[in-house]
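I opened the notebook to look up two things.

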Amino acid sequence: MSSSHSSHPSVASFTPPHPTIDSTPSNTWDVLIVGGGPAGLMASIAARTSGATTLLVEKGNRLGRKLEISGGGRCNVTNANSLSEFMENVLGSPRFTLSALHRFSNQDVQIFFEDLGIRLKEEDRGRVFPVSDKAATVVHALVRYAQSLGVQVVLENPVTGIITQNSRVCGVQTRNGPIWAHTVVIATGGCSVPQTGSSGDAYPWVRQLGHQVVDPYPTEVPLTSDTPWIIKKLVQGLSLSDVTVQIRQDGKKILTTERGDLLFTHFGLSGPVALRCSHYISTALRKAVNPSLTAIIDILPDTPEDELQTWLLTEKSTSSRRYLSSLLTQRLPERLVAVILEQTGYNGYQPIVQVSDRAIVSICQACKQLQVHIVGTLPLAKATVTGGGIATQDINPRSMESKHCQGLFFAGEVIDIHAHTGGYNITLAFSTGHLAGQQAALSALDFPH
Ligand SMILES: Cc1cc2nc3c(=O)[nH]c(=O)nc-3n(C[C@H](O)[C@H](O)[C@H](O)COP(=O)(O)OP(=O)(O)OC[C@H]3O[C@@H](n4cnc5c(N)ncnc54)[C@H](O)[C@@H]3O)c2cc1C
């Protein structure tokens with residue numbers, strides 16, 4: 001760094017409207033980070049801890065806006081499961097993320113926050129939240145720590161491009177003029193929920209520098225359907241806990257089988273299990289023209305089909321006068337019973353003793369394989385996570401540095417990495433941010449000053 005820290009704006013307030021940044025090339029930051037989400041915040045902390053003068057430039061009026069709404073406002077900050085289980089949940093470029101995760105893992109994320117005095121708790125499936133149940137606790141901890149280390153922050157200053165010379169980064173162009181730096185970390189996020197600030201700004205900049213960008217697509221997003229009983233809203237708002245959903249393409253090819261809670265909506269399927277299926281739907285839609293996609297729902301995954309049949313056949317054999325629909329509602333929600341009976345074409349208002357064995361077989365089959373035709377997903381703006389982004393083949397996984405432009409680093413969801421919900425995405429942002437910040441600092445401090 002060619003100037004002392006004191007010549008930079010004070011970080012005492014994190015909401016300066018337009019702080020004065022000396023934007024002459026003689027005032028060059030060691031590390032300049034673009035974007036103040038979890039990746040950018042962690043990169044700034046790692047860079048500053050490594051001894052680099054560090055400036056974080058954010059276009060919004062505060063840091064961590066997506067983090068604030070994450071986990072339903074509670075922030076599922078990481079996942080406590082083993083690294084191998086963690087990796088099973090990374091869907092976009094898992095091999096690429098390994099180096100970063102080995103250097104700063106999901107366990108390190110927990111230690112990091114606990115060292116900052118943030119108490120964490122583990123919930124189902126390893127999901128880790130702050131004990132406060134408030135995402136703001138996590139955002140404030142990161143911002144305060146960055147501030148205490150001397151990370152400088154500029155808010156409300158959108159970066160508009162990357163300045164390079166001879167394939168080496170020199171700084172960034174911003175709405176308020178250029179800012180010079182030995183190294184730059186791009187941590188601008190993906191482009192889902194763009195009102196949080198992540199709107200895909202960096203893709204054209206990096207394309208210009210020779211990087212490939214995998215077209216962004218929605219993932220961890222609800223599924224849309226044209227199945228009549230869905231769009232007629234017969235089950236809108238109905239939630240089923242712990243069901244199995246299998247996604248099949250063209251009737252036979254199984255794309256995935258997921259288990260968890262499901263919510264029927266007026267447009268299709270939502271809830272954790274639908275979100276887990278969405279990556280496979282988005283991928284199939286990107287690869288094939290009009291693929292035929294079906295979600296096959298097993299409403300009673302722990303009850304084998306023959307056990308269900310035996311139950312109804314036994315009822316029948318006792319000459320029971322109970323109605324078929326009333327028996328089925330012992331095990332299934334009433335609205336779903338109506339759908340199953342309509343689908344199979346049998347009348348539920350007849351005593352079980354009058355129901356044919358063939359009808360019993362087909363009703364049991366429908367309980368185990370209820371079919372919903374899937375036409376797509378909600379759009380990217382409504383997705384939890386962005387699939388696609390800067391191609392990992394253009395980034396060195398051991399440093400997060402660009403293979404095309406020296407001194408340019410990447411972190412977080414702007415890269416073509418993504419995972420299931422469950423604390424995995426924020427962890428990927430933290431671990432790639434940590435590695436990028438550290439390596440950018442090393443590279444900058446090596447730079448002839
Ligand atoms: C509703 C919702 C809930 C979620 N819940 C969870 C959860 O509980 N657990 C989990 O692991 N993941 C969750 N995620 C995903 C997770 O929030 C993201 O993966 C993560 O925030 C990505 O971090 P990031 O730092 O890469 O990007 P972001 O958090 O998107 O941050 C990018 C930052 O860059 C800034 N920026 C963009 N362009 C510019 C520019 N031109 N100039 C300057 N600054 C710019 C943006 O304003 C933003 O502050 C959730 C996502 C959503 C939408």
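How far apart do the C-alpha centres of domain 1 and domain 2 lie? I get 42 Å between the C-alpha centres of domain 1 and domain 2. I note that this is a predicted model.

**Entry: domains**

I looked up the domain bounds. The assignment gives domain 1 as 5-217 + 382-446. Domain 2 covers 222-377.

I then checked what touches across the boundary. Eight residues of domain 1 are in contact with seven residues of domain 2. The size of an interface is often given as the accessible area lost when the parts come together. For this pair of domains, I find about 720 Å² buried between them. Carbon and sulfur atoms carry 56% of that area. On the domain 1 side, the residues that lose the most area to domain 2 are Leu91, Tyr217 and His420. Together, Leu91, Tyr217 and His420 make up 62% of what the domain 1 side buries.

**Entry: ligand shell**

I moved on to the ligand. I list 34 residues around the ligand. The closest are Glu58, Gly71, Asp201, Glu413 and Ile426.

Which helices each supply at least two residues of this shell? I find H1 (38-49), H2 (65-69) and H14 (424-446). H14 gives the largest share, four residues. By residue class, I record 13 nonpolar, 15 polar and six charged residues in the shell.

**Entry: polar contacts of the ligand**

I looked up individual atom pairs next. A polar side-chain atom of Asp201 sits 2.8 Å from a ligand nitrogen. Asp201 is also among the closest residues listed above. A polar backbone atom of Ala39 is 2.9 Å from a ligand oxygen. For Ser198, an N or O atom of the side chain lies 3.0 Å from an oxygen of the ligand.

Last, I checked the cover. On its own, the ligand has 1000 Å² of accessible area, and the protein covers 94% of that.

Conventions:
Residues are numbered from 1 along each chain as its sequence is written. This is a predicted model: local features need pLDDT of at least 70, side-chain atom pairs count only at pLDDT 80 or more; totals for chains, interfaces and linings use all residues. Side-chain values use heavy atoms; hydrogens and water are left out. A residue is near a molecule or strand if one of its heavy atoms lies within 4 Å of it. A polar contact is a pair of N or O atoms within 3.5 Å; within protein, one must be able to donate a hydrogen and the other to accept it, and residues adjacent in sequence count only if both atoms are side-chain atoms. Accessible areas come from the Shrake-Rupley method with a 1.4 Å probe; for residues, only the protein chains shown count as cover. Ala, Val, Leu, Ile, Met, Phe, Trp, Tyr, Cys and Pro count as nonpolar, Asp, Glu, Lys and Arg as charged, and the others, Gly among them, as polar. Domain bounds come from an automatic or database domain assignment. Contact means heavy atoms within 4.5 Å. Buried area is the accessible area (1.4 Å probe) that two parts lose on being put together, summed over both.
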